Amino acid sequence: MNSSSARLWFAQAARRYGWLAIALLVGALCRFWDLTGPSLFIDEGFVFHISEHAPKEILQLVAYTDFHPPLFYLVTHYLMGLLHWAPWDYRYFTAAFSLTGIVATWAIARRCFGDVAAAVAAMALAFEPALIEFDRLYRMYAVLTALGAISWWLVLRASNAQGRSRLPWWIAYGVSAVLLPYVHYVGAFVVASQGLYALTQLRRMWPVLVCGLVALLALVPWMWAIKVQYPNGGYVIRLNSPEFSWAEVIRATIAYGLPIDWMLKPAFDPIFSTCVVAVGLAGIYLGRKSVLPFWCAPIIVQVAASLLTGKDLVVPRYLYVYVPALCIAFGVVVATLARTKFRVVGAALVALYIGISVMSVYDLIFVPFYQFPDWYGINALLLQHERKNDIIVMDQGAEYWVVRDFTAFRKHQMQGPAIPSDLDSTIAWLAGYPKRRVWYIENQPTFTDAKHRVEKALDATRPALGRWRQPRAFREDIVRVVLYGPRFAAGGKKSVVKTKSP
């Protein structure tokens with residue numbers, strides 16, 4: 001190869017793969033920066049609690065104490081047995097896997113809409129704040145989102161393959177179709193939407209239907225557990241709760257870490273959500289002959305199912321699997337504008353998206369107020385004020401799986417209600433130690449103790465010696481700590497203590 005040919009080859013490669021490389025670099029930087037620094041999120045602690053058991057016990061625990069499929073827990077079990085890492089180090093697996101979603105998204109956009117749409121889609125996904133927030137956790141959502149994009153790429157790749165090369169691609173797609181519902185039940189919607197897409201070109205894509213049937217049959221051995229999980233699943237936030245907002249669902253599916261001053265304005269969520277929906281629908285319309293309408297179709301199904309059943313199937317993290325499609329839709333809008341006299345509008349949209357995303361990602365990574373709870377800080381607080389015979393109650397109990405080995409916790413008796421039926425026994429347990437001080441630690445109590453029964457029982461029987469609050473932008477990330485003294489003597493009076501930040 002002479003120098004002229006080499007320069008031409010490098011120029012073509014840079015034009016073809018340059019933006020993908022930049023997107024991967026940006027995506028990796030956002031996801032891996034100080035990845036193991038924050039304490040475990042309570043959901044991560046629960047994952048490791050379940051996964052430390054034997055496989056047979058994992059299946060039972062997942063069926064009766066969780067609302068997700070078992071695959072992520074089983075894989076974690078074998079990784080723990082092989083690697084023996086600190087729990088937070090396993091985040092490297094999910095963060096790294098999330099980058100494959102950027103590659104698949106870029107490949108789909110390039111195949112369907114060209115280089116400009118692919119570059120914009122890849123960069124949009126790399127900077128996507130909501131995904132970055134959960135890609136940085138060891139949880140199944142990063143895997144679900146990336147695997148969803150990969151499965152769509154495999155559909156396109158396999159359906160366009162020729163001759164004997166078709167079979168390996170269809171086998172690869174079949175594997176992804178079987179895995180998706182076992183990673184998260186939302187994955188079943190992805191497989192179903194791919195079946196609908198196959199009906200548009202049945203002669204070429206009939207294997208999609210076969211793979212979908214195989215995926216359905218693969219779920220049969222787990223159906224007993226789904227029946228157990230169904231009655232209590234889907235109630236993260238009830239649709240009739242005053243906390244629920246459709247506009248907030250849309251915003252939280254796309255953006256985390258936005259300035260709190262923006263989110264507190266009543267008009268912000270409706271305006272932001274309207275803009276997101278408008279751009280998304282425009283991109284889907286422009287790409288109506290592609291996979292985009294089918295990829296996004298389950299959103300309608302999940303909304304309808306939520307309204308019909310009362311179960312919350314529109315939790316933002318349940319919708320992340322469709323975010324790569326929305327990034328492609330955004331890329332289609334920008335690429336279309338770039339071919340018209342309105343190209344400046346397209347450039348402005350990209351600049352606006354990147355600007356907001358950079359600000360949000362900075363908040364997520366560097367500003368504690370926008371982050372998940374800091375359990376290291378709570379540990380330091382207890383170390384500063386604890387006594388040897390203090391007891392600790394955690395409301396809700398999933399906090400235990402994060403803090404159980406922390407220095408301020410492991411030498412104390414602890415209890416935490418995991419489900420509402422545990423509350424009576426927890427209150428009785430506290431009453432059994434009338435002369436001891438009690439640390440009450442609260443995070444996300446609505447899951448188990450929405451009426452604050454444990455705290456009310458303590459307030460009615462013990463003086464509050466100190467109150468602390470770890471401030472956060474979102475209610476579910478706030479941690480409240482109250483130190484109670486021994487039970488009141490006859491005729492004793494309650495004390496009032498001002499809340500402080502740890």
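Visitor: Which residue lies over the face of Tyr 285, and at what distance from the ring centre?

Guide: Arg 288 lies over the face of Tyr 285, at 4.2 Å from the ring centre; a charge is taken to sit over a ring if NZ of Lys or CZ of Arg is within 6 Å of the ring centre and within 35 degrees of the ring normal. This is a predicted model, in which local features need pLDDT of at least 70 and side-chain atom pairs count only at pLDDT 80 or more, while totals for chains, interfaces and linings use all residues. Residues are numbered from 1 along each chain as its sequence is written, and side-chain values use heavy atoms, with hydrogens and water left out.

Lys 311 is placed over the face of Tyr 230, with 4.4 Å to the ring centre.

Trp 222 is buried, at a relative accessible area of 4%, whereas Trp 224 is partly exposed at 35% (buried means under 20% relative accessible area, exposed over 50%, partly exposed in between, with a 1.4 Å probe and protein chains only). Tyr 400 and Trp 401 have ring centres 4.8 Å apart and planes at 80°, so this pair is edge-to-face; Tyr 400 is partly exposed at 29%, and Trp 401 is partly exposed at 23%. Ring pairs also link a cluster that includes Phe 41, Tyr 256 and Phe 474.

As for the nonpolar side chains, the largest core has 129 residues, a nonpolar core being a set of buried Ala, Val, Leu, Ile, Met, Phe, Trp, Tyr and Cys residues joined through side-chain atoms within 4.5 Å. Among the residues with the most contacts inside this core are Trp 295, Leu 382 and Phe 409. Leaving aside neighbours within four places in sequence, Phe 409 is in contact (heavy atoms within 4.5 Å) with residues including Ile 378, Leu 382 and Ile 441.

Methods:
Phe/Tyr/Trp six-rings, centres within 6.5 Å; stacked < 30°, edge-to-face > 60°.
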